[in-house]
Amino acid sequence: MPHAVILDAESLGPKIDLTAIKETVSHLEVFQQSSTDQALERLANADIAIVNKVVLDANTLQQLPKLRLICVLATGLNNIDLETAKAQNIEVKNVAAYGTASVSQHTLMLMLALANRLPLYQRDAAAGEWQRSTFFCLQDHPTLQLAGKHLVMVGQGELGSEVARLAEAFGMRVTFAARPGNEANDQRASLDDLLPDADVISLHCPLSDATKHLINSERLANAKPSLLLVNCARGGVIDELAALEALRSGKLGGLGVDVLPAEPPKDGHPLLDALSEPLNLIVTPHNAWITPEARQNIVALTAKNIIEWKSA
């Protein structure tokens, strides 16, 4: 039975049961947080490293001759030096689709809140506008009925497909755009062709050279000024500054993001500053995935990865 070490268990959040992983190993050491320097010491006797965001670089991996498996508690592998891991005969396994229900729910929440101008009406209610109204309701910010509207999706994986299913339940017409950078070999219409008719765009694609600033000032200029834009993918898939400028100038109907280019945004970000402005803007702190069910599913899938590795 292998010896395993979790380097950053705190990333899983509170009240998560690690029993499924414990049952697959001889001993499980749990550290709430670790730096890369601490990782070297803590993994010295480990067969398995279980990590979320701790960087395991070439220098670290080369000093861990006993290590044979790295289990990443997430989908992205950018914090692992994969070439060195391969050279050291260390297998790397991640988890995918653990939070489909959680993230799709969050995506629809952003879409619904923007469509109903929730940030603006919440602001008005807090400022006493309703109390001072001469009528029984406030109607200063026209809302958008989603039924019959055109939702353009970028990304048709498990998550994108689930968001589309939920949107169709609201009566939306859903179209998936061709994969960015592969339009010539894709039978689906390109984002540029779909953009002028889109009422809502939802992004569910990875960040790559082809998707960096996929939504930029040029594309926003070709969209309806009432367009709602939702990004639960990766920061940088949209040009946040261009989107904010369009929102401020009335050339974008609403913007909801769960991701920013640098996380946590220790140096701040213009979108966070803009939350104090009267805009149809929502910024959530990369927490679309954090339902207890999704976080517990990460543990189950990681345990499965260890079992499959032992059986290979």
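This is a predicted model: local features need pLDDT of at least 70, side-chain atom pairs count only at pLDDT 80 or more; totals for chains, interfaces and linings use all residues.

Student: Sheet, then. What is the strand order in the open sheet of six strands?

Tutor: The order is β7-β6-β8-β9-β10-β11, and the pairing is parallel.

Student: Which strands stand at the edges?

Tutor: Those are β7, residues 173-176, and β11, residues 281-283. Each has a single partner strand, so one side of each has no neighbour in the sheet.

Student: How many degrees are neighbouring strands turned against each other on average?

Tutor: The average is 15 degrees, with direction ignored.

Student: Back to β11. How many bridges does it have with β10?

Tutor: Three, in the parallel sense, with β10 covering residues 254-257. As an example of a bridge, V257 is partnered with V283 in β11.

Student: New topic. How many aromatic pairs are there in the whole structure?

Tutor: A search finds two. In one of them, Y98 and W289 sit edge-to-face, with 6.5 Å from centre to centre and 90 degrees between the planes.

Student: Where are Y98 and W289 in the chain?

Tutor: Y98 is in the loop between β5 (91-93) and α5 (100-115). W289 is in the loop between β11 and α12 (292-311).

Student: How exposed are F135 and F136?

Tutor: F135 has a relative accessible area of 48%, which makes it partly exposed. F136 has 63% and is exposed. The cut-off for exposed is over 50%.

Student: Last topic. How many residues are in the largest nonpolar core?

Tutor: It has 45 residues, and those with the most contacts inside it are L28, I48, I50, L151 and I306. The largest share, seven residues, comes from α5.

Student: What is I50 in contact with?

Tutor: Leaving aside neighbours within four places in sequence, the contacts of I50 include V5, L7, I21, L28, L73 and I306. D8 and T302 are also among them.

Student: And which residues are in the other core?

Tutor: That core lies apart from the largest one and has 33 residues, including V154, A177, A246 and L271.

How values were computed: Residues are numbered from 1 along each chain as its sequence is written. Side-chain values use heavy atoms; hydrogens and water are left out. Two strands pair if DSSP finds at least two bridges between them. Helices (H or I, at least four residues) and strands (E, at least two) are DSSP runs, numbered from the N terminus. Axes are lines fitted to C-alpha atoms, for helices over the stretch in contact, and angles run from 0 to 180 degrees between N-to-C directions. Rings of Phe, Tyr and Trp (its six-membered ring) pair if their centres lie within 6.5 Å; planes under 30 degrees apart count as stacked, over 60 as edge-to-face and the rest as tilted. Buried means under 20% relative accessible area, exposed over 50%, partly exposed in between (1.4 Å probe, protein chains only). A nonpolar core is a set of buried Ala, Val, Leu, Ile, Met, Phe, Trp, Tyr and Cys residues joined through side-chain atoms within 4.5 Å. Contact means heavy atoms within 4.5 Å.
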